[in-house]
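Here are my notes on the model you sent over. Have the structure open while you read, and go through the points in order.

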Amino acid sequence: NSTYNSPIWPVLKQNGKWQLTIDYRQLNKQVPLSHWPMAYLNQNLAKIAGAKYFTTLDIANGFWTVKVNPKDQYKLAFSFGKIQYTWNRCLFGYLNFPADFNIFLHKVMPDAEETGNLIYVDDILIKSNSVSDHLNEIRYVLTQLKNAGAKLSLTKGQWCRKQVNYLGYDVGPDGFRPQQNRIKAIQAIRSPTNITELRSFLGICNYSHQFIENYAEISQPLTKLLRKNEPRVWEYTQENVVSELKKRLSKVPCLAYAEKDKEFFLETGYADSNISAVLYQKHDTDNRVVAYVSKTLSEVEKKLSDCEKFGLYNILEITYKEKKDGNVSSSRIVAWTLTLQGLPFEVKYAKNKKNILAQGIAELHDCTATEQEQQNVVTRQDSKQKPINTVLQLCSEVPSFDLVKMQKEDDTLGKFYQYIENPEENEISPYNLQTNFELRTMFNKKQKFQLRNGLLIRIYRATYETLKQVAYWPNMYQDVQDYTKGCLVCCRFQSSSPKHRAPLQTKGITMPWSDLQIDWIGPVTRSSRGNKYLLTVTCLFTKWIECLPAPNDTAETTAMLLINHVFSCWGLPMRTESDRGSHFTRKVIENVWNTLGVQRKLHVSHHPQSSGQVECANKTIVNILKKYISTSGKNWDVKLPLVLMAIRATPNKCTGVTPFEMMTGREMTLPLYLL
């Protein structure tokens, strides 16, 4: 009498028997997906490197080993012969049963990770280096499965072999390749005649794409037919691609297992519509291919600059992650750089006439040849004549020869570089400072620059200035710099400084809290307390910031927050400045100013530069909040007081002291003083 009922779906198995499955697609739509991390096969295969003997086990009717909670059995109901049944064991068709069975096997074999045995749903691979060890391991695993009540399929098991078939691959001591019967089946497939058959053919080929060099480029004429609004025309080109893929699959190489103790090499390259790479390792004198990687570029990715394409194919091949489409901007390079920041790697240019995968890399910038060991840099003209190749090699240091050379050859940076390198011998003349705005700007902030490994970099002193008030250790400045540069959160949310700044204007400010600027931030993500806006108040003299969360930004709310939370604490200002938003121009806020005797000034409409200080305060608050709030962003109003505390305790660039000291006449007591 269950209110749930799903249709049956019999499936004919390879042994000629029928397997009863149920069509639970409608039920699966209502079920939250299990987040158990399923094994990634290609990564797991690397664990069996060095093994000589293999055994595969298949759990017979494995899902039936796991019981279904009696309270949930009614959801699995189905009808047959006018009678309704349900399952008390797991079965095929339900969304989360593969993950549940995987969890079951990992509990049965908790030490599989340590021994190097592989578990993928109901398939188990046991590996060993000797026959005696292998027999002992088989006996141990069988005991574990017996104690859990699992049963094995003897017909599917492969025992004590030097090569076994595992999940569509022939696995052996030297590497792995697609199963021969699978390749023969692909050779027998006739050319697709409709979109369904084309998707099926490409799906079969995609399973073995890592064995085919330049797979994305070869299969592009077929994948284009799957796009919307693309003419569905089957010509000689498409027929030739099908034949070429079958030919490549019949001659696939045996890929080597990735060994973490050896260096990895990436031969990378890109074309107008795709990117590709070869990942390999050196075994004695031979180069063994670990995987071929390729990707067809989306319409957005085709518009990327050469530098961005270079970053795209490196991030793809190193992390094996697909990038989603989006707006084209240099922020992509920043995001990819952060992803690679934790990986030590080196980019080398090497001549290789046998492989011209990456001949377009020299188009990135002009270079001149330098006599570096294993370092051949070419110019754009040379790249049109010589096939070149880039090798991305994992190593311990990252050289920056190109950047250093570009800095030294730049007209402005070169002079400043020489000055930072040796200020006594390379003084900058007053004439150069007067005629070169960029040079003058850098010279005025020369204390924020230094050379590191020959590269001119800019440093930030806020963290160092705060720490040095209470602590000191040798090389303290360098340690602080290294730590802050490696902060991924700061790099992600810290906004870049403007390239050009308007000259500062004098203001007749007389004392603290005499002149204020007021502005609203929002709407933002609604917090758990129901707040969507922030009212920011900035003192132009002391740089003190007040920021108050609110559910709305009406004029009534503005007046209430200012009187009850700002003026009641610090007193009344002489003048206030704001934009011309309705929350500052309504009659209620005008009556507040008239009653309190405060002069108000409204800035030019649609010109936020008029409220420069409060706009900068808004930007600072938002950037810091992004670093501290949780993923959902629902607790930003809880973190806001701590953010304001950090801002008030940080020395301001204009005054040189903290806003707290300017307002109170003393330094703020921070947790640092308790050390």
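Two strands count as paired if DSSP finds at least two bridges between them, while helices (H or I, at least four residues) and strands (E, at least two) are DSSP runs numbered from the N terminus.

1. Ground rules. This is a predicted model, so to speak of local features pLDDT has to be at least 70, and side-chain atom pairs count only at pLDDT 80 or more, though totals for chains, interfaces and linings use all residues. Residues are numbered from 1 along each chain as its sequence is written, and side-chain values use heavy atoms, with hydrogens and water left out.

2. The four-stranded sheet. Start with F54, whose bridge partner in strand 8 is R161. Strand 3 (residues 53-58) and strand 8 pair in the antiparallel sense over two bridges. They belong to an open sheet of four strands, ordered 6-7-3-8 with antiparallel pairing. Strand 6 (118-120) and strand 8 (158-161) stand at the edges with a single partner strand each, so one side of each has no neighbour in the sheet. From one strand to the next, the twist averages 10 degrees.

3. What sits on that sheet. Helix 5 (residues 131-148) packs on it, touching strand 3, strand 7 (123-128) and strand 8; contact here means heavy atoms within 4.5 Å. The direction of helix 5 makes about 150 degrees with that of strand 7. For such angles, axes are lines fitted to C-alpha atoms (for helices, over the stretch in contact), and values run from 0 to 180 degrees between N-to-C directions.

4. The hairpin. Strand 1 (residues 8-12) pairs with strand 2 (residues 18-22) in the antiparallel sense over five bridges, and I8 stands opposite I22. Five residues separate the two strands of this hairpin, and G16 in the turn has a positive phi of about 90 degrees.

5. F78, worth a click. F78 is found in strand 4 (residues 78-80). Is F78 buried or exposed? F78 is buried, with a relative accessible area of 7%; buried means under 20%, exposed over 50%, partly exposed in between (1.4 Å probe, protein chains only). Leaving aside neighbours within four places in sequence, F78 contacts residues including I8, L20 and I22.

6. The cores. A nonpolar core is a set of buried Ala, Val, Leu, Ile, Met, Phe, Trp, Tyr and Cys residues joined through side-chain atoms within 4.5 Å. The largest has 36 residues, and L45, I48, V171, F176, L222 and L245 touch the most other members. Apart from it lies another core, of 30 residues, among them L57, F63, I124 and V141.

7. Helix 9. In this helix, Q238, V241, V242, L245, K246 and L249 are buried. They cover an arc of only 130 degrees around the axis, which puts them on the same side of helix 9; the arc is that of the directions from the helix axis to the C-beta atoms. The buried residues pack against helix 6 (180-187), helix 7 (195-206) and helix 8 (215-223).

8. S578. Look for S578 in strand 22 (residues 575-578). S578 is buried, with a relative accessible area of 8%. Beyond four places in sequence, S578 touches I518, F584, K601, L602, H603 and S611.
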